[in-house]
Amino acid sequence: MSETERQAGLRPEISRNTGFSRNDLRRDGELRTAESLSAALGHPGASLHLTAGEKWLVKTDGPALSAAFSIPEARALGADLDQAILLGFDATDRPVLAAIAPLEEDALDPGLAAMNLRAIAMEARLDPEIEGRLGQAAHLIQWHGKNRFCGTCGQPMRSAAAGYRRECTACDAVVFPRTDPVTIMLVHDGRDRCILGRQPRFPENFWSCLAGFVEPGETLEDAVRRETMEEAGITVGEVAFHASQPWPFPCNLMIGCLALATSETIHFDVDELEACRWFSRDEVRAMLEERHPDGLLVPKPFAIAHHLIKAFAEDGPPAAGCRLKPLDARR
């Protein structure tokens, strides 16, 4: 929790303990004009985050890793600054931007590396604030790449408002960045057990929470109930929001919930899961502490699933209408 948040009397938020969540840039999305991008690029203190081949460029020759590049450094690396995106302004009013650099990983100069965004978060390679900015940048760059043509007339679209919207070059249609909501839920029996599942793509011995996209015309609570029934064959009653996490793979918001099962027998979807079962609280604690006798594991603290599982293991399911106490900070 930042000093500013403490002084404002805010309670610690579990969401702030997840990966990509520590982004305190002032975005000023409603204040942007046609001149905002050029003004930001002309600022002497501007910095950029650069992506190359779906990875992020990082300086490795200093005392600590750095993902910030000056305007001259970005130009020297061939970054397309005309298509740069203004992420926002830091606490000293310096603009922070993101851009694409057309570099191959095997052609990088000494002192530079291209790093996978998921690995950056899992291994806590960068400051949490920078990690959050990279998550925002990845989300926006992917959104721009998927909206090159107008959905109304089919003509090319252009970036506008310093990357915060796109406009059609023919019919003037405007689109704004979209976020896809995903429910992720720790389903429990109200006593001493919870449900975890395994997808076929998971690493060996790795178990996690059930999850699924929110569908049109659906509340979050009903999405939790539907996805739990579809994936595990379990009915759910009470649903309690717990925390959320920006998830730029590609453009999601993970909405973490604790859900009370009202049935017991699991019939899981074999097309979605390769395994799904009940776990006792003691077994979940052993998995969190990496001492399970069968070597079973759960997600690391960068993932919201970890905090849902940890909440159940340490605090038990919440009483009706009550939130669990905030967990310790990730770092």
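A114 sits in strand β5, residues 112–115. Strands, here and below, are DSSP runs of E with at least two residues, helices are runs of H or I with at least four, and both are numbered from the N terminus. The model is predicted, so local features need pLDDT of at least 70 and side-chain atom pairs count only at pLDDT 80 or more, whereas totals for chains, interfaces and linings use all residues. Residues are numbered from 1 along each chain as its sequence is written, and side-chain values use heavy atoms, with hydrogens and water left out.

A114 has a relative accessibility of 13% and counts as buried. Buried means under 20% relative accessible area, exposed means over 50%, and partly exposed lies in between (1.4 Å probe, protein chains only). Leaving aside residues up to four places away in sequence, A114 touches K55, W56, L57, E105 and L108. Contact means heavy atoms within 4.5 Å. G53 is 61 residues from A114 in sequence, yet the two C-alpha atoms are 8.5 Å apart in space.

The largest pocket holds about 950 Å³ of space. The search ran on a 1 Å grid over the protein atoms alone; a pocket is an open set of points with protein on both sides within 12 Å along at least five of seven lines, whereas a cavity is a set where a 1.4 Å probe fits but cannot get out. Lining residues have an atom within 4 Å of a point. Grid points are joined across faces, edges and corners, and the volume is the space filled by probe spheres set on the points. The lining of the largest pocket comprises 38 residues, of which R118, R201, F202, S208 and W247 are the closest to its centre.

Several elements each supply at least two residues of this lining: α4 (117–122), β9 (180–188), β11 (210–213), α6 (220–232), β12 (236–247), β13 (252–261) and α8 (304–315). β11 gives the largest share, 4 residues. By class, the lining has 22 nonpolar, 10 charged and 6 polar residues. Nonpolar covers Ala, Val, Leu, Ile, Met, Phe, Trp, Tyr, Cys and Pro; charged covers Asp, Glu, Lys and Arg; the others, Gly among them, are polar.

Helix α6 has 13 residues and reaches 18 Å from its first C-alpha to its last, close to the 18 Å expected at 1.5 Å a residue. The expected span is 1.5 Å times one less than the number of residues. The buried residues of α6 are A223, V224, R226, E227, T228, E231 and A232. They pack against β9, β11, β12, β13 and β14 (275–280). An α-helix has 3.6 residues a turn, so residues three or four places apart point the same way. G233 follows α6 and has a positive phi, near 70°.

In α7, the buried residues are R281, E283, V284, A286 and M287. Their cover includes β10, β14 and α8.

Backbone geometry was examined next. Most residues other than glycine have a negative phi, and most peptide bonds are trans. E290 follows α7 with a positive phi, near 55°, and lies in the loop between α7 (281–288) and α8. A161 likewise has a positive phi near 55° in a residue other than glycine. This residue is in the loop between β6 (157–160) and β7 (165–168), and A161 is buried at 7% relative accessible area. A cis peptide bond joins F249 and P250, with omega about 5°. P250 is found in the loop between β12 and β13.

The structure holds 0 disulfides, a disulfide being a pair of cysteine sulfur atoms within 2.5 Å. For C171, the nearest cysteine sulfur is that of C168, 3.7 Å away. C171 is partly exposed, at 35% relative accessible area. For C209, the nearest cysteine sulfur is that of C194, 7.5 Å away. C209 is buried, at 10%.
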